[in-house]
Structure formats: structure tokens, C-alpha cells
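Here are a few friendly notes to read alongside the model.

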Amino acid sequence: MNNNLSAQFLLNPNIIFLNAGSFGACVKPVFENYQQFQLELEQEPVQFITVKGLEYLKQSREALSKYINCNADDIVYVTNPSYAVNIIAKSFPLKAGDEILTTDIEYGACDRTWNYYCKKAGAKYIRQKINFPLTTKEEFVEQFFKGLSAKTKMVFVASPNNPTGTTNTEEELTAFIRAVPDHVIVVFDEAYAEYQVKAPDLLPLIREGRKVICLRTFSKIYGLASLRVGYGYAAPDCIALLNRVRQPFNVNAIGQAAAVAALDDDAFMNQCVRDNLLGLKQLEDGFKALGLEFVPSAANFILVKVGQGAAVFSALQTKGLIVRPLAPYKLPEWIRITVGTKEQNEKILQALKEEVK
Ligand SMILES: Cc1ncc(COP(=O)(O)O)c(C=O)c1O
């Protein structure tokens with residue numbers, strides 16, 4: 001890999017980054033809110049923090065709960081899912097001998113955080129091997145549950161998963177959660193939920209008393225990663241515990257306001273979902289035409305098998321196309337391509353045609 005990326009590429013506007021979101025941020029609400037907050041801050045900074053900030057927090061939790069269709073008490077603000085993992089691990093402390101069950105391919109930051117807390121407590125972090133790519137959906141559940149034991153305290157799964165892009169339907173996830181013993185806490189990372197036309201609704205399970213915690217972020221479809229806004233939803237007793245442990249003001253007022261405004265921007269959101277689905281289809285059709293194996297995706301990226309992933313990554317890089325090589329996930333033959341605009345997708349397909357023989 002080229003170590004001098006910034007000198008060679010970052011100043012070149014022709015470089016196409018297909019390793020993160022491609023549809024930009026939900027700009028309008030962020031900008032408008034920022035201006036309004038700046039005015040208020042300049043007028044009365046102390047009051048803003050002590051009184052207005054709390055009012056805004058209340059309002060924004062209400063807006064989020066309306067969006068999720070739950071109560072404000074079911075919501076906890078977190079800066080992002082891996083921060084949420086930290087406060088979950090502190091709120092439900094692990095003991096020596098406890099087990100946390102996850103899969104062998106999970107988003108790195110959450111995976112490392114769980115691993116850290118397990119090591120610290122003398123608990124076992126079980127990364128259950130799941131066939132890749134899966135041949136049937138049933139296979140996932142069958143293999144995953146081989147890792148479950150009487151010592152399992154928590155289960156952690158991202159759905160849709162990063163980097164595989166795989167997901168499960170509401171029915172499958174419901175059956176999955178019901179198959180986990182009652183006392184086990186099930187944590188779902190739903191960072192990419194909004195890319196699905198209809199994200200699975202796990203609230204009914206939370207309502208019936210299942211220990212389910214769902215984590216979301218505004219970094220993905222809303223493109224607000226630099227604001228660091230995320231949230232979790234779960235039963236109010238669980239949220240109360242998480243609220244005791246999280247840092248006060250962990251999500252700042254501007255981030256909250258931008259997030260709430262973004263929730264209202266249906267036009268932006270619908271456009272992203274549509275463009276993403278069209279882009280996935282375009283890439284899939286292109287991979288088929290090139291005879292390349294891929295994994296159908298429910299997220300804003302897709303895995304394609306290119307043989308020597310690292311070599312293809314480097315070759316694409318020299319053409320100004322940045323994708324994600326997957327050797328760190330022990331998938332050296334695959335690369336992850338984020339869905340781009342129609343023209344960007346065409347470019348990557350053309351480059352793959354030239355590079356993958
Ligand atoms: C599955 C998953 N969860 C969580 C995150 C974290 O997103 P952020 O920290 O930007 O909110 C990511 C980011 O790549 C992800 O892929």
C-alpha cells in the first residue's frame with residue numbers, strides 16, 4: 001500500500017473514494033441549525049449550556065423516539081456504536097468466566113472494544129466462525145448458536161453487517177432473539193439500518209421484555225460522521241442504567257439539533273436509499289458481466305471477490321479509485337466497494353475489467 005497517500009492523492013479532486021459514504025451529508029438542516037445555534041450561543045452562552053441545552057436534549061430525544069416509534073425514555077444518546085459498547089460493558093459488568101458471543105466478521109472498532117472489556121474482566125470473547133459467503137440464511141443461525149453456552153452473558157451482532165453487507169429479515173431476527181435465553185442481553189448494531197427499504201423492527205421484542213439493545217448512528221445514511229451523533233434504544237430500565245454511565249453532554253447540542261433536523265429531511269433520505277439501491281444493482285450487474293462473485297448487500301457497500309485483494313486494491317489506487325481491502329478481516333480475496341454515483345460505479349467496473357483477469 002502506498003504510504004504517501006496525501007501527497008499523491010488527497011489533493012487531487014479526481015480521486016474517487018469508494019471506501020466510505022458517497023452521497024454526502026444531509027447539509028441543509030445542519031447548516032440552518034448551526035446558524036441558529038451560533039446566534040443563541042453568542043447571546044447567552046451560559047444559559048445555553050445550563051438551560052437551553054437541556055431543553056434541546058429533551059426535544060431531540062422526543063423527536064428520535066417519534067422516529068423510532070418508542071418513548072423518549074427508551075432512547076440514550078451515544079456518540080457512536082463503539083462508544084455505546086463501552087457503556088454497555090460498564091453498565092452490565094462482566095465477570096471472569098462470562099462469555100460474549102459474536103461472529104468472526106464484525107466491524108473492527110466494536111469488535112476490539114468488546115475484546116478489551118472481556119480481557120479486562122477475564123471473560124471469554126467468542127468470535128463464532130460463520131461460513132463465508134453463506135449459502136443459506138439458516139446456516140447463519142445454525143452456526144452462530146454453536147457458540148452459545150450457559151455462560152453467555154451477551155450476544156453482539158451487526159445487522160446489516162460490516163464488511164459483509166449481509167442482513168436478516170425481521171422474522172429471522174425475531175426467531176434469533178427468541179432462541180437466545182431470556183437473561184442474555186442481545187446487542188444489535190444497526191448502523192446501516194436505514195439503507196434497507198424496511199428495517200427490521202425489534203421494538204415488539206423489547207416491549208415483551210426481551211433484553212435487546214439496538215444501536216444507531218447518524219454517520220452513515222445521514223452523512224454526519226464528523227458530528228459524532230448516535231443513539232441506542234432499549235427498555236427504559238436498561239436505558240436508565242446506560243444513562244448513569246454515559247458521559248453527560250456526550251453528544252453536543254449542535255449534533256443533536258442537526259440529527260433531529262436530518263430526521264425531518266425525508267427527501268434527502270429517500271434519495272439516498274434510492275440511489276444506493278440503484279448503485280447496488282448497477283454494481284451487481286457489472287460483477288455478473290465480469291463473472292465476479294459478490295455478496296448481495298443490504299448496506300451502502302458490496303463485497304466482490306477479485307482474487308488478490310491487496311494487489312487489486314493497489315492497482316485501483318493508482319487509478320485514483322480507493323476501495324477497502326479485506327485482509328484485516330481474513331478475506332484476502334475480496335474487496336469492499338462503497339456504492340458511488342452512476343459515473344463512479346461505471347469507473348470502478350471498468351477498472352475491475354482491466355485489473356481482474
Ligand atoms: C457496523 C458498524 N457499526 C458502527 C460503525 C461506527 O460508525 P460511527 O462511529 O461513525 O458512528 C460503523 C462504521 O463503519 C460500522 O460499520
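1. Helices α4 and α5 cross in the right-handed sense. Please keep in mind that this is a predicted model. To find the pair, look for α4 at residues 81–91 and α5 at residues 108–121.

2. How do we describe such a pair? Two packed helices are described by the angle between their axes and the distance between the axes. Here the axes of α4 and α5 come within 8 Å, and they cross at roughly 20 degrees. Angles under 35 degrees count as roughly parallel, so α4 is roughly parallel to α5.

3. Which residues make the contact? From α4 come P81, S82, V85, N86 and A89, while α5 brings A109, C110, T113, W114 and Y117. Sorted by class, the contact has seven nonpolar residues, three polar ones and no charged ones.

4. Now turn to the sheet. It is open and has four strands, in the order β9-β10-β13-β12, with antiparallel pairing. The edges are formed by β9 (294–295) and β12 (324–325), each of which pairs on one side only. As background, strands of a sheet pair through backbone hydrogen bonds, either parallel or antiparallel.

5. Two bridges join β12 to β13 (residues 334–338) in the antiparallel sense. Across this pair, P325 stands opposite I335 in β13.

6. Finally, which helix packs on the sheet? It is α12 (residues 309–318), and this helix touches β12 and β13. The direction of α12 makes about 40 degrees with that of β13.

Methods. Residues are numbered from 1 along each chain as its sequence is written. This is a predicted model: local features need pLDDT of at least 70, side-chain atom pairs count only at pLDDT 80 or more; totals for chains, interfaces and linings use all residues. Two strands pair if DSSP finds at least two bridges between them. Two residues are in contact if their C-beta atoms, placed from the backbone, lie within 7 Å. Axes are lines fitted to C-alpha atoms, for helices over the stretch in contact, and angles run from 0 to 180 degrees between N-to-C directions. Angles under 35 degrees count as roughly parallel, over 145 as roughly antiparallel, 65 to 115 as roughly perpendicular and the rest as oblique. A crossing is left-handed if the near helix is turned anticlockwise from the far one by less than a right angle, and right-handed if clockwise. Ala, Val, Leu, Ile, Met, Phe, Trp, Tyr, Cys and Pro count as nonpolar, Asp, Glu, Lys and Arg as charged, and the others, Gly among them, as polar.
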